[in-house]
Amino acid sequence: MKLLKKTVRTSLIIVICVILIMGGVLFADGYMLYNEAKKTTGVSTNIDAKRSLPNYSQIDELPQYFLDAVVAVEDHGFYEHGPVDFSSIARALFVNLKDMSPREGGSTITQQVAKNLYFTQEKSIKRKIAEALMAIKLENLYTKDEILELYINTNYYGSNYTGIKDASQGYFGKDPGGLNLYEATLLAGIPNAPSVYALNSNPELAAQRQQQVLAQMVEYGYLSQEEADEVSNHRNI
């Protein structure tokens, strides 16, 4: 029995050491990727270049219900938590393990801005670590509203439209400031899976995603159920 306990204890120590070593290696790789991105493009330089583009929309040019829709469906605690939301990561990990598929990512809006601006769409632990480090850097430099503005302008909305201005003009023939609630909630749902929810190719799936957006807006107090039902009935409010 003593030999068994000693063997188990030794095995646990070995497993813990291996995990710590692997974690250290992954963090080092992630830090190198973050540092490379920071040095290559320059954090502020990259953002200044994005803001200077003619299709860039200022946050005060956008309807509040569009901003609410984005926050509700993508990161409802955006204004309360820090650059990385560990509770969301834990929840996503639980869901993914339960369903045995990567259904949820757990990234905050700030992390997604970091990915959009500085990294590829490659799914790897190294990139997630780099993304988290860049998110911390971004929240040290910019306000939440500035980060939300960047998020909306760097998202891909399908059909070759990047940024809310291109998407609004391309899909509805108007600037984003003129979006009604029906149009705004449609667009807010697309970046989750642009190739799936693009309005030109998959309007039915886009409408299904819109229902998820509306449900989240009701849950977090941005809309009443009556208002959501009016949108579902295609009333342009």
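Q: What caps the N-terminal end of α9?
A: Asn180 does, in this predicted model. One of its side-chain oxygens lies 3.1 Å from the backbone nitrogen of Tyr182.

Q: Is α9 mostly covered or mostly open?
A: Mostly covered: 9 of its 9 residues are buried. Among them are Leu181, Glu183 and Leu187.

Q: What do those buried residues pack against?
A: Against α3, α8 (164-172), α10 (194-197), α11 and α12 (225-232).

Q: Take α11. At what angle do α9 and α11 pack?
A: About 100°, with the axes 8 Å apart. Here α9 covers residues 181-189 and α11 covers residues 203-219. An angle from 65 to 115 degrees counts as roughly perpendicular, so α9 and α11 are roughly perpendicular to each other.

Q: Which residues meet there?
A: From α9, Tyr182, Thr185, Leu186, Ala188 and Gly189. On the α11 side they meet Ala206, Ala207, Arg209, Gln210, Val213, Leu214 and Met217.

Q: How do the residues of that contact divide into nonpolar, polar and charged?
A: The contact of α9 with α11 has 8 nonpolar, 3 polar and 1 charged.

Q: Now Gln111. Where does it lie?
A: In helix α5, which runs over residues 109-118.

Q: Buried or exposed?
A: Gln111 has 2% relative accessibility, so it counts as buried. Its side chain makes a polar contact with the side chain of Glu131, at 3.4 Å.

Q: Last one, Ala37. Which helix is that in?
A: Helix α1, residues 2-41. Ala37 counts as buried because its relative accessibility is 9%.

Q: How many residues apart in sequence are Ala37 and Tyr118, and what about in space?
A: They are 81 residues apart in sequence, and their C-alpha atoms are 6.0 Å apart in space.

Q: What is Ala37 in contact with?
A: Leaving out neighbours within four places in sequence, Ala37 is in contact with Gly42, Tyr118, Phe119 and Met134.

Notes:
Residues numbered from 1 in each chain as written. Predicted model: local features only at pLDDT ≥ 70, side-chain atom pairs only at ≥ 80, totals over all residues. Heavy atoms only, no water. Axes fitted to C-alpha atoms, helices over the stretch in contact; angles between N-to-C directions. Helix = DSSP H or I, 4+ residues; strand = E, 2+ residues; numbered from the N terminus. Parallel < 35°, antiparallel > 145°, perpendicular 65-115°, else oblique. Contact = heavy atoms within 4.5 Å. Nonpolar A, V, L, I, M, F, W, Y, C, P; charged D, E, K, R; others polar. Buried < 20%, exposed > 50% of the residue type's maximum accessible area, 1.4 Å probe, protein only. Polar contact = N/O pair within 3.5 Å; in protein donor to acceptor, adjacent residues only side chain to side chain.
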